[in-house]
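The sequence and structure come first.

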Amino acid sequence: MAKSRSSFFSARNVAYLGVLSALVIVLQLWGSIIPIGAAGLNLSFVLVPISLGAMLLGPGAGAFLGLVFGLVVFITGACGMNFFTLYLFQNNPLMTAVICLVKGVGCGLVGALVYKPIAKKNKIAAVFTAAAVVPIVNTGLFILGCLCISGTIRNFASENLSISSDNIMYIIIVGLVTVNFFIELALNLVCAPALYTVDRVVEKQFSRKSKKRGRRPHSSAGKSVKVTVDDMPSDIGAVSLPERDVISPADRDAVSD
């Protein structure tokens, strides 16, 4: 467990998460000024970096990036940058927060979980499948959340949408999600695989350079060589020393006399 945590929080993964999180924030803020559809919902360019993070870094990163996405959507909506989210927040703030966070975390998490097993058999199929799953799950969880606050959705439709039907599913699908969903799906299918391919090409080039550096011969010229005891010949202890004559104490006394 500790090893998997340390590998997830490696320098490479932290750098990727930082860049992708910044992209999520910037793209969501930029997308919030582009209303799509009659309800004035915003276009979610952020699904592209969420998909990319889910593919490259796994479920944890996908869920984290989705959480960042949900927080930005909720905060910008509560601040009035999106009319529909502001309406939901004013009428049901708790469920609005739950919808924003759950759909964001869910789309990143499920995208990564779908990608992993398919990538073992066919990586190209896995990329396109995950890129499609992320907007599908995001929209699906949004629809489920709207069904939980159907009264608020009906009031919003009657006040702001020219929809005569009282069918809640018709209001949600036709009035709220249809245009956004197909645009987001098309963007994800086009952008996410392209970005993933670019990242893999750059990573391969980097790994090749590091391998070439590792294969360079190391020159020992001009470097001091350290010799240890283990490097010395094993028979060094067998070197014979010249013998010296030993004079006994009695002979020494005789000589002195």
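## Accessibility and the model

A residue counts as buried under 20% relative accessible area, as exposed over 50%, and as partly exposed in between. The model discussed here is predicted.

By that scale Phe-182 is exposed, because its relative accessibility is 54%. Phe-181 has 18% and therefore counts as buried. The two rings of Phe-181 and Phe-182 form an edge-to-face aromatic pair, with 5.2 Å from centre to centre and 65 degrees between the planes.

## Packing of α4 and α5

Two packed helices are described by the angle between their axes and the distance between the axes. For helix α4 (residues 59–78) and helix α5 (residues 83–91), the angle is about 80 degrees and the axes are 7 Å apart. Angles of 65 to 115 degrees count as roughly perpendicular, and α4 and α5 are therefore roughly perpendicular to each other.

On the α4 side, the contact is made by Val-73, Phe-74, Gly-77 and Ala-78; on the α5 side, by Thr-85, Leu-86 and Phe-89. Sorted by class, the contact of α4 with α5 has five nonpolar residues, two polar ones and no charged ones.

Ile-99 is part of helix α6, which spans residues 93–119. Its relative accessibility is 8%, so Ile-99 counts as buried.

Apart from neighbours within four places in sequence, Ile-99 contacts Phe-142, Gly-145, Cys-146 and Ile-149. Between Ile-99 and Leu-144 the C-alpha to C-alpha distance is 8.6 Å, while the two are 45 residues apart in sequence.

## Aromatic pairs and cluster

How many aromatic pairs does the structure hold? There are six aromatic pairs. The pair of Phe-83 and Phe-156 counts as tilted, because the ring planes stand at 40 degrees, with the centres 5.9 Å apart. Phe-83 lies in helix α5 and Phe-156 in helix α8 (residues 150–160), so this pair ties together parts that are 73 residues apart in sequence.

Are Phe-83 and Phe-156 buried, partly exposed or exposed? Phe-83, at 47% relative accessibility, counts as partly exposed, whereas Phe-156, at 1%, counts as buried. Both Phe-83 and Phe-156 belong to one aromatic cluster, which also includes Phe-84, Tyr-87 and Phe-142. Phe-142 is also one of the residues in contact with Ile-99.

Note on methods: Residues numbered from 1 in each chain as written. Predicted model: local features only at pLDDT ≥ 70, side-chain atom pairs only at ≥ 80, totals over all residues. Heavy atoms only, no water. Axes fitted to C-alpha atoms, helices over the stretch in contact; angles between N-to-C directions. Helix = DSSP H or I, 4+ residues; strand = E, 2+ residues; numbered from the N terminus. Parallel < 35°, antiparallel > 145°, perpendicular 65-115°, else oblique. Contact = heavy atoms within 4.5 Å. Nonpolar A, V, L, I, M, F, W, Y, C, P; charged D, E, K, R; others polar. Buried < 20%, exposed > 50% of the residue type's maximum accessible area, 1.4 Å probe, protein only. Phe/Tyr/Trp six-rings, centres within 6.5 Å; stacked < 30°, edge-to-face > 60°.
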